[in-house]
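Please keep the sequence and the model in view while reading.

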Amino acid sequence: MINKKMRRNTVIFKIILIFLLAETRIFPTVFDSVKWNLEKSKNNISLYIQDDKNLKINFYKAETIVNGIDMELIFNNIADCNQYKKIFTNIEIFEIVEFFSNNSFLLLAELNFFPYKNRSYLAECSLVKDDENNTFIFEWHPIYDFKKESYIKNKKNNKIVSFIYGRWMVKKIDDNMVYVSIEYHNDWETNLPLKFIHEVEKFYTIKNLQTIINYTFKQQKNLLKLHK
């Protein structure tokens, strides 16, 4: 018998898929006005940061063009919050706790990696499908004037942070090529040296993009085996 949690997860994923069939406008966001500088490239992934490298709360962007990946499959992996603990080993909790609309919901996340271990946050997320531009977007931003403590599960051990921005973008270039990017703008409220923080955040910006690509290729390969 399917338990309540499995039924809830199934319903959530169906709602996401239903939304992905609808066309929604893309609105301006905090990342649209950033002036990016190329920092480095690694394994066909380019890392960018904003112009002012002296700011504590930096902007980061990793992007790549992938050949032979299923566009909708990779975005479903990005949008399906129930898979995050499986895909990203540094996440303790990543779940939808409330829906605001078909394409907007409240997300609870708890991290589990150094130096941001025991960090929790709530963010408002939105899913966007732009058929005209063959683009999918999963974006999140801070939510204020909200009773966050009632949602946090490990209140005693976790530090609740608020300044959390991010955006995944998946765009079809042609029948074989897909553009994928991730952007971050976060304040994890730590007293560690800025140089160390920036290096950690640059590392994980690249790593998270590479992780979702590798996971999708592996999943795609397994699906092809099943259909043979």
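Lys202 and Glu199 join their side chains in a salt bridge, with N and O 2.9 Å apart. A salt bridge here is a side-chain nitrogen of Lys or Arg within 4 Å of a carboxyl oxygen of Asp or Glu. Both residues belong to helix H4, three residues apart, about one turn of the helix. Helices (H or I, at least four residues) and strands (E, at least two) are DSSP runs, numbered from the N terminus.

This is a predicted model, in which local features need pLDDT of at least 70, side-chain atom pairs count only at pLDDT 80 or more, and totals for chains, interfaces and linings use all residues. Residues are numbered from 1 along each chain as its sequence is written, and side-chain values use heavy atoms, leaving out hydrogens and water.

Lys202 is buried, at 10% relative accessible area, whereas Glu39 is partly exposed at 27%. Buried means under 20% relative accessible area, exposed over 50%, and partly exposed in between (1.4 Å probe, protein chains only).

## A buried loop residue

Asn90 sits in the loop between helix H3 (84-87) and strand S4 (91-101). Asn90 counts as buried because its relative accessibility is 12%.
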